[in-house]
Amino acid sequence: MNHMQVFLTYSDIALASCMIIIVLLISWQLRLKLTKTLLIAAIRTIVQLSFIGLILAWIFAREQWYEVLLILTIMTLIAGSAAKNRVKRSYKGLLTDTLIAVGTSATLVTAIAMIVILRVQPWYTPQFIIPILGLILGNSLTAISLTSNQLIEAFHEQQGRIEMMLSLSARPFEAVHEQIRAAITNGMTPTLNSMLVVGIVSLPGMMTGQILAGADPTQAVRYQIITMFLICVSSTLGCTISALLIYRRFFNKNKQFVLPH
């Protein structure tokens with residue numbers, strides 16, 4: 001069977017960019033007031049992806065562990081910061097909490113993927129570790145931000161209920177268990193929804209990209225299955241760590257419920 005491979009040019013990208021005009025027309029016609037945001041988003045997409053493409057090409061050619069580690073660290077820091085910025089009610093130390101949640105879950109799962117599942121040698125092979133960590137971080141930060149946002153809001157809005165349960169001799173975790181459970185469930189919902197319809201309704205980006213690049217569809221499917229499980233585990237770990245860290249911020253050493261600032 002012949003595998004046709006299409007090499008994209010800058011003119012092809014220009015044609016694809018013209019399709020954004022459709023979105024702009026819809027925004028203008030319905031007065032969505034998204035024209036400026038759409039233009040900025042489109043420009044940033046081109047600039048950011050082009051820039052990272054040049055960096056990755058350079059790193060792939062050199063394969064130096066310290067350069068790969070630097071890129072992975074920068075990606076993780078940006079992901080943690082992005083997760084923090086999506087939370088409406090902030091408090092001192094929130095950035096630290098999101099960085100710990102994102103970094104711990106993504107690093108652990110990526111390490112397992114590289115060493116145990118894929119068995120890539122050396123472990124810092126940029127062709128594998130950078131895309132895998134990127135996929136995990138992108139999904140984990142969304143899950144963590146959803147969990148953090150809902151849990152902090154719940155703690156503020158249900159302060160009276162929580163304090164009442166504490167006054168009735170409930171332990172701190174018992175008093176907020178329902179809020180923690182709901183927040184983690186909310187954070188995991190996008191990941192679980194995508195797993196339920198993957199391959200039936202949607203073909204994920206990684207799998208689609210591999211197929212378009214001429215890879216064997218069966219291999220593309222196997223890679224996608226692995227990445228979906230990695231994302232699920234990382235998101236669950238990240239949401240759980242984030243919820244526990246936030247929980248600790250809302251109780252002092254005397255196990256009293258407090259609102260951090």
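## Helix α10, its partners, and a few salt bridges

S234 sits in helix α10, and that's a handy place to start with this predicted model. The structure has five salt bridges, and the ones picked out below include R62 with E67, D97 with R249 and E178 with R181.

**Along helix α10**

- S234 has a relative accessibility of 0%, so it goes down as buried.
- Leaving out residues up to four places away in sequence, S234 is in touch with S105, A106, V109, I136 and S140.
- With S140 there's also a polar contact between the two side chains, at 2.7 Å.
- T227 is another residue of α10, the helix that covers residues 217-249.
- T227 comes out at 5% relative accessibility; the cut-off for buried is under 20%, so T227 counts as buried.
- T227 and A113 are 114 residues apart along the sequence, yet their C-alpha atoms are 8.9 Å apart in space.

**How α3 meets α4**

- Packed helix pairs get described by the angle and the distance between their axes.
- For α3 (residues 35-62) and α4 (residues 65-85), the axes come within 9 Å and cross at roughly 150 degrees.
- The crossing of α3 past α4 is left-handed.
- On the α3 side the contact uses I55, W58, I59 and R62, while α4 brings Y66, E67, V68 and I71.
- Sorted by class, that contact has six nonpolar residues, two charged ones and no polar ones.

**Salt bridge R62–E67**

- R62 and E67 pair up in a salt bridge, with 2.6 Å between the closest N and O atoms.
- R62 is partly exposed at 35% relative accessible area, whereas E67, at 10%, counts as buried.

**Salt bridge D97–R249**

- D97 and R249 form a salt bridge too, and here the closest N and O atoms are 3.0 Å apart.
- D97 is buried, with a relative accessible area of 4%, but R249 is partly exposed at 32%.

**Salt bridge E178–R181**

- E178 bridges to R181 with its closest N and O atoms at 2.5 Å.
- Both are in helix α8 (residues 172-197), and because they are three residues apart, about one helical turn separates them.
- E178 is partly exposed at 40% relative accessible area, and R181 is partly exposed at 39%.

Technical notes. Residues numbered from 1 in each chain as written. Predicted model: local features only at pLDDT ≥ 70, side-chain atom pairs only at ≥ 80, totals over all residues. Heavy atoms only, no water. Axes fitted to C-alpha atoms, helices over the stretch in contact; angles between N-to-C directions. Helix = DSSP H or I, 4+ residues; strand = E, 2+ residues; numbered from the N terminus. Left-handed = near helix turned anticlockwise from the far one by under 90°. Contact = heavy atoms within 4.5 Å. Nonpolar A, V, L, I, M, F, W, Y, C, P; charged D, E, K, R; others polar. Buried < 20%, exposed > 50% of the residue type's maximum accessible area, 1.4 Å probe, protein only. Polar contact = N/O pair within 3.5 Å; in protein donor to acceptor, adjacent residues only side chain to side chain. Salt bridge = Lys/Arg side-chain N within 4 Å of Asp/Glu carboxyl O.
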